[in-house]
Amino acid sequence: MMDLPLYRLIVFNLLQLNLKSVMVFHCWSLEDALPLAGMLNGNDIYSQYIDLQQGPENLANIYKEYLDSDLVRLAVFLDLSCERAELITNQSSRARLYNNNLHWLLYDQAGNFSKLKELFGAANISLNADVTYVRRQDEELFILYDVYNKGSHLGGHLNITIDQSLLCNSSHCQVKEYLSNLHEGTRLQQRLDLSSITFRLAALVSVLPINSSEDVLLEFLNSDRDSHMDSISRIGYRLILHTQEVLGFKLDYIWCGTWSVQDAFGGAIGLLVNESAELSTSPFVPSWNRLHYVHPMTEQAPFRAVCMFRTPHNAGIKAAVFLEPFTPTVWFAFAALLLFAGILLWLIFRLERQWMRRCLEFMPSLLTSCLISFGAACIQGSYLMPKSAGGRLAFIAVMLTSFLMYNYYTSIVVSMLLGSPVRSNIRTIQQLADSSLDVGFDTVPFTKTYLVSSPRSDIRSLYKQKVLSKRDPNSVWLSPEEGVIRVRDQPGFVYTSEASYMYHFVEKHYLPREISDLNEISLRPETAVYGMIHLNSTYREILTQLQVRMLESGIISKQSRFFSKTKLHTFSNSFVIQVGMEYAAPLFLSLLVAYIMALMILLLEISWARYVRKKLASVFPQN
């Protein structure tokens with residue numbers, strides 16, 4: 001028998017929620033269902049009808065055949081009066097279909113609450129479920145109820161809340177009266193009280209024995225001492241406590257000592273992936289494999305894995321610093337200017353000797369004039385000076401030009417050598433892998449996992465050359481404090497760990513000038529750690545909204561600043577600059593070469609003078 005007021009209610013409910021697709025599970029005849037199809041088509045609503053009177057074998061896989069849809073939102077009408085309605089509710093519960101992706105409209109002709117509780121009391125119906133139960137009061141009056149469960153597997157109970165009454169006839173439908181305040185807020189705003197459920201929490205503590213008593217482990221997570229130890233996990237734990245204050249849920253701790261074993265499996269992340277836990281104290285770095293199973297909520301702290309080392313001062317001779325102040329074009333132009341000045345002075349000396357009374361007692365050679373010009377470039381005086389006014393003006397011009405060039409040069413060289421700490425020219429992981437520097441690594445599991453499983457060629461090269469090539473590969477794995485102290489004592493030794501963790505020991509053991517001497521190379525792209533929740537968790541939306549609110553209010557940044565250091569603090573004048581042999585050696589070598597060349601030329605001159613003297617003696621023998 002066709003029920004036009006019920007059909008009109010179905011259409012009205014779908015239009016209220018702006019839904020354009022509906023799946024109707026019924027046990028009516030085709031003639032009875034025809035008016036409903038006409039009403040839905042008249043309002044541009046796509047509908048599909050599944051007759052529950054057909055054989056059970058045809059209803060054995062309802063989820064895959066009908067409800068496994070790509071639609072973001074789909075309405076489902078189920079007539080609980082049908083004999084096989086329980087088959088649909090059981091399959092939907094196992095497939096977790098009572099969520100916010102499907103709008104369920106349940107109707108029972110008898111309005112039997114006992115049957116509703118029997119079907120849904122132990123069903124897997126979620127906190128974000130969109131389930132409306134319709135109870136008939138009389139021929140045209142219907143009462144709507146909101147049905148949800150905060151988590152039956154976590155201690156929650158079925159909740160049936162009266163919503164509104166509708167007055168419907170064959171032509172139209174309208175709200176008669178709101179019977180509660182459900183219409184005043186969103187669905188989640190009405191379900192914020194989670195005091196009846198107990199979340200399973202994957203509590204990560206790696207610095208204490210995992211078999212310690214729960215009181216000891218909780219005391220560590222709640223304390224502020226040694227903030228560098230398990231800092232990421234303690235940040236997440238504090239934020240979970242803030243969330244607990246708002247929602248009121250209880251916690252059941254599952255203690256673990258590792259983040260993961262294979263990226264998305266094992267450890268704390270594994271408990272989230274296999275849904276053994278709803279929350280984790282530790283946030284995680286999102287990766288492609290992990291995002292298949294978990295959903296990142298908000299950023300909680302920065303994460304930087306770096307290779308840290310002090311600049312080695314025996315990294316080779318660096319003579320280029322003395323040529324870098326000027327470009328090659330400037331150097332050639334200045335050399336040409338000095339050569340021109342030398343030739344000009346030689347011409348002036350020559351003219352003075354031929355046309356002026358006041359002149360030098362001898363005529364300087366061209367080489368001597370060029371030497372005077374070069375001496376002017378080195379801000380050296382000359383014992384030979386032109387006697388004419390024009391000649392002296394020319395010499396002054398050479399001295400003035402050389403003075404300006406000399407000041408430019410010295411100021412740039414001094415600023416390069418003494419203006420800031422010397423930095424290593426090793427800037428990439430591949431350069432580090434190819435260098436002769438020794439490298440040590442943190443003992444935490446995720447560092448080794450990244451080195452072994454990373455697809456990057458430079459990381460594989462680093463692991464092969466700095467770990468596998470060692471006679472004892474285990475010798476490269478050092479605790480953070482031991483590695484940081486070794487970096488301090490052995491300039492050129494490289495230690496790799498999470499930056500915030502190392503910074504604590506750097507500030508503890510290093511002098512300010514030693515901090516200024518540190519170099520860093522990123523082991524992996526700088527990223528952040530995010531609070532994670534399972535991709536299909538029914539609490540995903542409400543927990544994400546709360547974390548976003550904590551992010552906007554500054555709670556997350558406050559916890560992050562306390563437990564995580566993002567940079568080292570030192571003064572701009574705290575470093576001590578010492579020019580090492582890498583810069584002084586070229587000067588000493590050039591001086592040595594100059595003396596050797598001068599000695600060789602002197603010996604050649606002496607040999608030539610003796611040779612000339614012998615020749616003259618043979619030509620003009622003494623009487």
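1. Cys27 and Cys82 form a disulfide, with their sulfur atoms 2.2 Å apart, where a disulfide is a pair of cysteine sulfur atoms within 2.5 Å. The torsion about the S-S bond of Cys27 and Cys82 is about -90°, so this disulfide is left-handed. The pair links distant parts of the chain, since Cys27 lies in the loop between β1 and α2 while Cys82 lies in the loop between β3 and α4 (85-94), 55 residues apart. Helices (H or I, at least four residues) and strands (E, at least two) are DSSP runs, numbered from the N terminus.

2. On the basis of the values: this is a predicted model, in which local features need pLDDT of at least 70 and side-chain atom pairs count only at pLDDT 80 or more, whereas totals for chains, interfaces and linings use all residues. Residues are numbered from 1 along each chain as its sequence is written, and side-chain values use heavy atoms, with hydrogens and water left out.

3. On the accessibility of these cysteines, Cys27 counts as partly exposed because its relative accessibility is 25%, whereas Cys82, at 3% relative accessibility, counts as buried. Here buried means under 20% relative accessible area, exposed means over 50%, and partly exposed is in between (1.4 Å probe, protein chains only).

4. A search of the whole structure finds 2 disulfides. Cys168 and Cys173 also form a disulfide, their sulfur atoms being 1.8 Å apart, and both Cys168 and Cys173 are buried. With bonded cysteines counted along the chain, the disulfides of the protein follow the pattern 1-2, 3-4. As for two further cysteines, Cys256 counts as buried at 9% relative accessibility, and Cys307 counts as buried at 0%.

5. The structure holds 15 aromatic pairs; rings of Phe, Tyr and Trp (its six-membered ring) pair if their centres lie within 6.5 Å, and planes under 30 degrees apart count as stacked, over 60 as edge-to-face and the rest as tilted. Among them is the tilted pair of Trp28 and Phe77, at 5.9 Å centre to centre and with 45° between the planes. This pair links distant parts of the chain, with Trp28 in the loop between β1 (21-26) and α2 (30-42) and Phe77 in strand β3 (residues 74-79), 49 residues apart. Trp28 counts as buried at 12% relative accessibility, as does Phe77 at 2%. Another tilted pair is formed by Tyr98 and Trp104, at 4.9 Å centre to centre and 50° between the planes, and both of these residues are buried. Ring pairs also link Tyr7, Trp28 and Phe77 into a cluster.

6. Arg486 lies over the face of Phe493, at 4.1 Å from the ring centre, and Arg524 lies over the face of Tyr450, at 4.3 Å from the ring centre. The criterion is that NZ of Lys or CZ of Arg is within 6 Å of the ring centre and within 35 degrees of the ring normal.

7. An open sheet is formed by 5 strands in the order β15-β14-β16-β13-β17, with mixed pairing, where two strands pair if DSSP finds at least two bridges between them. The edge strands, each pairing on one side only, are β15 (477-478) and β17 (518-522). Strand β14 (residues 439-442) pairs with strand β16 (residues 494-498) in the parallel sense over 3 bridges, and the bridge partner of Phe441 in β16 is Thr496.
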